[in-house]
Amino acid sequence: MVIKKWKLCLIAASSIALGACSSAPKPETEIALSNSALENAEVAGAQKYAPIELRKAKEKQGQADLAVADEKYDSAKHLSEQAAVDAELAKAKSEAEKSRLAVKEVEDSIDLIRTELKRSANQ
Amino acid sequence: MKKLVINAMLLTSIVALSACSGAPKKIDSLEKARTAYNKASNKEIVAKHAASELDDARSSLSHADKIWRNDGKVRHINHYAYIASQKVQIAELIAQRKEDDATARGIVATLGDVLFDSGKARLKESSMGNIQKVANFMTSYPERSAVVEGHTDSMGDDDFNYDLRITTRNLGESVPVADNNTREGRQQNRRVEVIFPDLGHQISELSE
């Protein structure tokens, strides 16, 4: 009788655990968010300025898609959340890099102008 | 005596063991995220330019921390710690970008007298390289406007070409930077300044 109770408990516990697994919803929102984050990163020029981060994001997005196909929604949610944040990082890195280059370009041209001014003053 | 030493050792290990079981074992990813967050939050430019991004990072970090304190799954702690670390980096990059943008806006490129001969408004051939650089900058950043200010010495007056995107201001001899009584001073006063104003303040700046 005692053993039977114990078995019942086990069955109940495992069915709860299984239920929890299958009840995890398909992470539609997370997938949509990572898709748009990837798009934004590409628009910002991540292909050129942050290729490693962009590739990482795309790989995770691909893995998330596979997890969805396998109905592993819990893992798919995590993967697409990571893909989104990787893509956001790729975008931020691209924009930072473009701004850095812009400042450098202007500073370089000013330096050049200064040099020319000095040269003309010495003539 | 020997027994006492052994007893003391036993006691120490019991204390050590109980200390371990008191708090969950430290997790690398979480400690790294925490360190990165603390470092970023101490940076002045991050607090100034990326406060909300830093807040995002903190809430992911708190989430990871909460799971850790409740002895949750390492997989979940690693996940939120990763998100937090990435968000810290995002905050730092955004802060750096905003700082650089502010620097670029503040840059006033003074294209000096080498551009012009006295009494002429036509650019010298030799100055085209520099003008081209400014033009390249503007082509790359079409959202950024420029104010081109043309100044003359007190002997003359001048004009500058303009485009839809470029506003020109003819300031004539009203804003000298050097003495107009000497040849050198007049040379310095004949100049063109290219200003990349803050987009938000552009209108007030132009309506002066």
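In chain B, 63% of the contacts between residues at least 6 apart in sequence join residues at least 24 apart, a contact being heavy atoms within 4.5 Å. This is a predicted model, in which local features need pLDDT of at least 70 and side-chain atom pairs count only at pLDDT 80 or more, whereas totals for chains, interfaces and linings use all residues. Residues are numbered from 1 along each chain as its sequence is written, chains are lettered from A and ligands numbered from 1 in the order in which they are written, and side-chain values use heavy atoms, with hydrogens and water left out.

Eight helices and four strands make up the secondary structure elements of chain B; helices (H or I, at least four residues) and strands (E, at least two) are DSSP runs, numbered from the N terminus. Read from the N terminus on, their order is α-α-α-α-α-β-α-β-β-α-β-α. Of the 208 residues in chain B, 38% are buried, where buried means under 20% relative accessible area, exposed over 50% and partly exposed in between (1.4 Å probe, protein chains only).

Confidence comes next. The model scores ipTM 0.79 and pTM 0.61. For chain B the average pLDDT (the predictor's confidence in each residue, from 0 to 100) is 73, and 51% of the residues score at least 70. In chain B, pLDDT is below 50 over residues 160-164, a stretch with seven contacts in the model beyond near neighbours in sequence. Residues 199-208 of chain B also have a pLDDT below 50, and this stretch has twelve such contacts. Where pLDDT is low, the predicted coordinates should not be read in detail.

Chain A averages a pLDDT of 83, with 72% of the residues at 70 or above. Within chain A, confidence is lowest in helix 1 (residues 2-23), at a mean of 52, and highest in helix 3 (residues 46-49), at 98. Over residues 15-21 of chain A, pLDDT stays under 50, and the model has zero contacts beyond four places in sequence for them.

A:E30 is buried yet has no salt bridge, the nearest side chain of opposite charge being that of A:K77, 4.4 Å away. Here a salt bridge is a side-chain nitrogen of Lys or Arg within 4 Å of a carboxyl oxygen of Asp or Glu, and Lys and Arg count as positive, Asp and Glu as negative, with His and the chain ends not counted. Leaving aside residues up to four places away in sequence, A:E30 touches A:K77, A:S80 and A:E81. A:N35 also lies in helix 2 of chain A; A:N35 counts as partly exposed because its relative accessibility is 38%. Although A:N35 and A:K58 are 23 residues apart in sequence, their C-alpha atoms are 9.3 Å apart in space.

Two loop residues can be read side by side. A:E71, in the loop between helix 4 (51-69) and helix 5 (73-122) of chain A, has a positive phi of about 60° although it is not a glycine. With a relative accessible area of 59%, A:E71 is exposed. B:D71 is found in the loop between helix 4 (51-69) and helix 5 (74-106) of chain B; B:D71 is not a glycine either, yet has a positive phi of about 60°. At 62% relative accessibility, B:D71 counts as exposed.
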